[in-house]
Structure formats: structure tokens, C-alpha cells
Amino acid sequence: MSLFLQIIANGILLGGLYALMALGLALVWGVLNIVNLAHGAFIMLGAYVAFYLFTLLHLDPFAALPLCMASLFVFGYCLQRYVLNLIVRAPMFNTLLITFGFDVVLTYLAQITFSADFRVVNPSYAGANFTLFGVTLPLVRVLAFAMALALTLAVWLILARTPVGRAVRACAQNLLAARLYGVDPRTVYGLTFGLGAALAGAAGDLYAVVSQINPYIGDPLTAKSFAISIIGGLENPLGVVVGGLFLGILESLTSLYVGSTYTDVVSFGVLVLVLIARPQGLLGKTT
Amino acid sequence: MKRAIAWLALSATVVMLPLVPWIAPPALIQFGTTTLLIATLAQAWNIIGGYTGYASFGNSVFYGIGGYGTAIAMVQFDLPFGVGILLGGALAVLFALLLGLPVLRLRGHYFAIATLALAEAMAGVVSNLDIAGRNIGLILPLRKDDVLFYELSLALLALATLIVYWISRSRFGFGLIAIREDEDAAAVMGVNTTLFKSLAFMLAGFLSALAGGVHAYWITFIDPVSAFDITLNVMMIIMAIFGGAGTVLGPLVGAVLLASISEVLATEISAMASLFFGLVIVVAVIFMPRGLADLARRFRSLGWRYFRENLRLHRL
Amino acid sequence: MKPILAVDHITKRFGGLVAVNDVSFDLQEGEILGLIGPNGAGKTTLVSLISGTIAPSTGKVVFQGAPIAHLPAFRRSRLGIGRTFQLMKPFLGLNVLDNVAVGALFGTGGGRSQLHRARDEAAYWLEFVGLDHRAQQRADELGGPDRKRLELAKALAMNPRLLLLDEVMAGLHHGEIDEVVTVIQKLRSRGISVLLIEHVMKAIQSLSDRVLVLHHGNKIAEGPPQAVLSDPRVVDAYLGSRHK
């Protein structure tokens, strides 16, 4: 029984991180209607930023969060403002194709820059854990979980309560009206996509602490983010928490009862099933 | 007069191509074979993506299934190549039928994402199968005959192109085009959209699987990473679109052009291919999203403004 | 005489909204039935229920004596039901001739199997509606009235026994309306039954044998055009409650 509880606990901790991963994708998809197939590559880049900051500058990964987020934000902003903005009003397929291209290019560049070796970020407290109700909780995972949830909540608050958030949502709903109110859509799109990339960067940083990284982790993470976004629905940013927890627990159970090499298959499989069954998600409205 | 010249050029090329191995250096033959195979993939994609309008981002799954079907048949069951490749093709068709039915109900980007997820999932599934050699893969019997594989690949591309040509002039093809242009209107006009979509998907899968089988036997090796290489999707899609999706020769032209440029820019086709194709995608999608065919058609009246027009229409 | 189409207590709900509410009527063979009603009355929904684009919540549709409510749209087309769309849906990537050829390839009885025969038939129907001079132009190059003609030709090429026309005359001027009226009369002389949704009352009056009126999804009147159009309930529906 306690093994089962342990698995569930692992799943929950993983799920919180997954929620943060998916948040960037869901945000950009829900607000800008841009489906970013390179999202996982952004996560991967964030992970490598954290890795090099840790290895070269001995910067603690949690302290490195702002740097990871900032660097990915700038990257994402530029990508949107100067490249993606050129095809925003084209059929959705074009966006898919271009971000697919980004994904391939970024993965390749990462492979030749960082090599295909597995890396990990091991802060001094990496081995520490504490026990709660007979369940062992690794410290880093708990910290990552807490950080992930905090960021998710913060983003939700920003979107819902601040003027910037309102501008972003206005753009999403009615481009022309937003323009008439003095909002420059190009900048808003850039900021939003940048925010999505920043969140991916944060998720990558945290991911590097709890798991090994290499240039190829992008695609499975993109798929997981998609599955989570769709399960949680794109209407409410907090939906990713539901989706993330679901996927995290499912993966944890798979790891135990089926085999750890099947976890990626499960993620992709869930994505396909969710798409077939309910593309608008559990929390989304039925169109 | 122009048409006569075009026909002459085409016929000359068709006659010359099988003769290439006898006059070309080995490296060129190998480049030719690889290009012919990827061109086949582009043509196969053309059937489901170009004509039917269902842009699959995961056709590499059929390539991998074909390769593994061939490999398993030859390595685990000692069957000859001919049987193996047909087995791979049959498996691909079965996969397309069973998984196509639910997935083809999705529209637009949902379909694209689902096919991509399927491709990734299969790679994971295969890497867990003992019969497929798990992560290590399988080594196929050696058949050192580059000329043979060149001619096989050429024949395969010819088959694929003939099929696409037939499609462009048949009732089936018209049904596919109607589905692409407006699926609801097509249904109301009597097109059995479910059947036609499935057939197109199965056909694309079959041809892709044959290419996968030839490739596996040629390089005598298969493993999950190379067989289900996601980059293949990028290449086949951009080749088809660059040349002109929904045309008979577009994917061919796109494949030959892009493969050649990539070859010239890089030392070998696999290394920098991803970078090159990724960049081509970005540039092509921004400036010429409807491919060379459309560019050729409109350049006469618009000139360089064609590119500015595409930008103007689609930018924020 | 058995009706070619019998709609029996058909209802369609979209979530909480009742678009079509318990509507029943017959359409006799060779008849032209006008379907009128204010915007949002459910006319297009009713036509979509008959053509198979959407399925009814309850009720039956019987075509040529056989129930069809469970059949998908393409099967109904094969049986002989053709329709035009109010929001026209030409196949933009094809030229005009090929647009119509699709109808000939897949129409009643499964259509033709050979492309060139289908194109010959398409040419015939293009001439019938007066669009043959644009046969080789791409469909997206056509203007509004020509698109309407194309829409009609596409449906006709299917050789329907029952033709559902959804506002084919919207946006046309008097001369063009007269042309379309003539075309529809020619259809009747070939034995094709027609269900005609229209706002152009003069066309309704001159063409319809009977008229059916929908309001908020309910049938509120049915009968000869003169009687229906002077029915106070019908006038009320069009002018709204401020008329009271």
C-alpha cells in the first residue's frame, strides 16, 4: 500500500512540473492560436541554460530560474516578433510547419553544440529527502513542484488581474478592437510568446534538476504538453494543473506496473486518445 | 511548342534515369538512391496531404513500419526480401486502416498533432519489442549492390508518381480534391468521405512502407531512431509543398531540388539536412507557402511582388 | 399519390436551443414547395436535416417511401437528394467545369465512373444555368451571381429527384431573378421536385404550388401562396410584435 502511495506521490510531484511545462504551450495556443511544435525544444534549451549556469558558474538551479526565464523570454519574443508574426494570419498549417521547422533546427543545433550526452544538474542537496506519512519525498522534487505551482498561479493572476494581462486577452479575442484601443498587437504577440517561452525555460530548469537531459527530450515533452493542454482545456490556464497531475500520476503508475521505458509511449498514446475522444478537453466547452 | 519541349525533356529524363548507375560514380548513385526514396515519401505524402488536404505530420511511421516489417521478416523468419517488403507494406496498410479511422475524424491541426504523436508512440513501442531488437535494432542480410537498390528506388518513385497521376485524372482523385476543398460540400454531393480518406491514407502508408523496406535492406540496418526519424516528416512535407502539393510532379521537383541543394551545402545528406530543411521551411512558409507550382503560375503576372503579396496577406 | 418526401414530427435541439420544433409536412412529386420565414426561423436547419448534414434529435424523414434519417449525407445524395448552400461552398481550387463535374461523378446512383463523361455532363449543366462561358475559370474568380449559378449547376449535375434550394436568389437583381425562376420552372417540367427557401416573395408567389412558413422553429402556416402570404400570423412573424 505504501508503495502505491509512493507512486501516487511521485506522480503528483511530477504532475506539478508537467503543469508548468504545459502552461507555456497552452497560453500561446489559447491566447494567440499558435500551435508551437517547438515548445519542447524551448524546454530543452531552458534545461541546458540551467545546466551550464550550474556547471560553469556554480549557480544554484533555483536561483538560476530568473536567468533561464529571462533568456528564453528574449529568445521567444524575438522569434515571434520577427519571424512568427509574419505568418500569423496564414492558415494554421503554416504555423505548424514553421514551428516544426524550428523544432528540427533547434534540436540539431543543440546536438552539435551540447553533444548528445546525457546531462544532469546535481546541487549539493540533491540527495536530501524527507518522509511524510511513510512516503519519501525528494527535496528537489518538492521544491520543483512548489515552484511550478507558484509560477502557474502567478501567470493566471497576471492574465486575469493586470492591465497587461487584459491587453493580452483583448488581443486574443478581437485584434481590430484591441488595435483601436491603442494596443500594438505585434508587441503583445511578442510578449505573450516570450512569456510562453519563459515558462518553458523555467520548466526546463526544474526538469534538469529532477531528470537527465539531452538534446532529444524536446519532442516527448511537446507531446506531454499537448496532452495536458487538451485534457485541461484551453479556456482556463489552471486546467493544465488538472492535466498535469493526471499525466504525472499515469506515468508514475506506468513506470511501476508496465515498465519505465514505456512512459513516453504512454504520453503519446494519451495524447492520441484525448484528441480522438475530446479535443476540447475535460474542462473546455463543447463546440 | 513549349509543351512539346517540356514533354521531350520529361521523356529524356525518364529514359536517362535508369541508366545513371552505369555512368555515375558510387557517391552519386548513393545520393540518387536516397533522393529517390525521399521523393517517394514526398509523393506518398502528396496523396494524403496534397490531394486530400489531410496534412499528416507522422507519415514516417509507415516508413518505419515498412522497414521493420521487412527486417523482421528477413531476420527473424528467413523470408526473402520480396516477401518481407510486401509484409511491411501490408502492416502499414493495416495500421493506416485501424488507426486512420479514428484519427481521420480530426480536422486540421488536431489531425497533424495526432499523426505526429502516433509516429513518436510507435518509435517507443518498437524500441520495447524483442522481435524488433529493442533499442539496438536489427541487422539485415547483406546485399552489396548499389545499382540494384538505385533501380528499385527509381521503380518505386515511378510507381508512386504513376499512382498520383492516375489519381489526378480519376473519380477517386476528384473525390479527394473535393474533400480537401470542402469536406461538408463533398459529402453532400455524394462523396463517401470516410472511405476515400481511409483509402488515401492507406495508399500513402503503403508507398511509404515500401520505401522504408528498400532503405532498410539497402543500408542493412534498422533501429528505432533511424527508422522512425521525425526529421523525415519535415523533409517530405517541405519537399511536397515546395514543389507544389496537389500536383503530379511537384513533390518530385521539390525533392530533387531540395536534396541537391542540401547535398551541395553539406558533406553528407544526413548531417546538416535538418538545419537546411528547417531553414527552408521557415523561408518557404513565409514567402511561398503554396509552393513552386503556384509561384510559377503567378510570377508571370506579379513578378517579385509575389513574395511581398504573401507577406502582406499573412503578417500581423 | 405518394409524396416524394415526408417529414414526420422532426425536431432538432442544439443544447438548450430548439432550432426546429415538431415540424411535419409532405412534398409531392413534381411539386415546388416554398419555405419562408424570418431569419433564424430554422429553414436552413430543416434543409440540413433533410440533406443529412445534421441528424435530427427526434422525428423521421422518408424519401421515396424509404426512411433516411439514419443515413449519412453522401448516401442521401446517392438516393437523389441535391442541395445548394446559402453560404456557397464552391471548390475554390478547381475550375468551374470541374466543380460541376464532381456532382456528375458522385450524384444519384453513385454518379459516373469516367471523368470525361462527367465533364461532358458538367458542360451540359453549365449551359443550362448560363455559365458555360466561364467553364475554364477558377471558381474563386467568380462574382456573387455567377457563384449562385455554379452552386445550382453543381446540384443539378447530381441528377437529383429532389432539389433543396437555399436562397439561390439572394442578392440578385430583377433580371437575374427572372432567369433563375425560368430555370427552376424548366426543372419542374423535367419532373424534379423542389423545396425552395426564399425571401424574394415574387419568386415564391410565381413558382410555388404551396408554401410552408416557419417561425422560431415551428410551422405556423401551410397552403397555397396567396392564402399563406396574406395570413395575419405570417405577416406578424415577419413584422414582429410591434405590429400589434
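# Chains A, B and C: terms set against values

In this predicted model, 45% of the 244 residues of chain C count as buried.

User: What makes a residue of chain C count as buried?

Analyst: The test is a count of neighbours: 20 or more other C-beta atoms must lie within 10 Å of the residue's own. In chain C, 45% of the 244 residues count as buried by that test.

User: What secondary structure does chain C have, and why is chain C called as compact as a globular protein of its length?

Analyst: Chain C has nine helices and ten strands. Its radius of gyration is 18 Å, and the globule rule gives 18 Å for 244 residues. The two values are close, so chain C is as compact as a globular protein of that length. The C-alpha trace of chain C spans about 55 × 40 × 35 Å along its principal axes.

User: Which strands form the open sheet of chain C, and why are β6 and β10 of chain C said to stand at the edges?

Analyst: The sheet has six strands in the order β6-β7-β8-β3-β9-β10, with mixed pairing. β6 (81-83) and β10 (218-223) each have a single partner strand, so one side of each is left without a neighbour in the sheet. On average, neighbouring strands of this sheet are turned by 15 degrees against each other, direction ignored.

User: What makes β3 and β9 of chain C a pair?

Analyst: Pairing requires at least two bridges between the strands. β3 (residues 32-36) and β9 (residues 210-215) of chain C have four bridges, in the parallel sense. Within this pair, L33(C) stands opposite R210(C) in β9(C).

User: Which strands does helix α9 of chain C lie across?

Analyst: Helix α9 (residues 232-239) lies across β9 and β10 of chain C. The helix runs at about 135 degrees to β10(C).

User: Why does the span of helix α2 of chain A agree with its number of residues?

Analyst: Helix α2 (residues 39-57) of chain A has 19 residues, which at 1.5 Å a residue should span 27 Å. Its end C-alpha atoms are 27 Å apart, so the span agrees.

User: What makes α2(A) mostly covered, and what follows this helix?

Analyst: Of the 19 residues of α2(A), 15 are buried. The helix is followed by H58(A), whose phi is positive, near 55 degrees.

User: Why is chain B called as compact as a globular protein of its length?

Analyst: Chain B has 16 helices and two strands. Its radius of gyration is 19 Å, close to the 20 Å of the globule rule for 316 residues, so chain B is as compact as a globular protein of that length. Buried residues make up 56% of its 316 residues.

User: How many residues of chain B are in contact with chain A, and which element gives the largest share?

Analyst: 37 residues of chain B are in contact with 38 residues of chain A. Elements giving two or more residues to this side of chain B include α5 (81-103), α6 (108-126) and α12 (231-243). The largest share, twelve residues, comes from α6(B). By class, this side of chain B has 27 nonpolar, eight polar and two charged residues.

User: What does chain C bring to its contact with chain B?

Analyst: The contact takes 24 residues from chain C and 18 residues from chain B. α2 (73-79) and α3 (96-106) of chain C each supply at least two residues. α3(C) gives the most, with five residues. This side of chain C divides into twelve nonpolar, eight polar and four charged residues.

Methods:
Residues are numbered from 1 along each chain as its sequence is written. Chains are lettered from A and ligands numbered from 1 in the order in which they are written. This is a predicted model: local features need pLDDT of at least 70, side-chain atom pairs count only at pLDDT 80 or more; totals for chains, interfaces and linings use all residues. The expected span of a helix is 1.5 Å times one less than its number of residues. A residue is buried if 20 or more other C-beta atoms lie within 10 Å of its own, exposed if 12 or fewer, and partly exposed in between; C-beta atoms are placed from the backbone. The radius of gyration is taken over C-alpha atoms; the globule rule is 2.2 Å times the number of residues to the power 0.38. Axes are lines fitted to C-alpha atoms, for helices over the stretch in contact, and angles run from 0 to 180 degrees between N-to-C directions. Two residues are in contact if their C-beta atoms, placed from the backbone, lie within 7 Å. Ala, Val, Leu, Ile, Met, Phe, Trp, Tyr, Cys and Pro count as nonpolar, Asp, Glu, Lys and Arg as charged, and the others, Gly among them, as polar.
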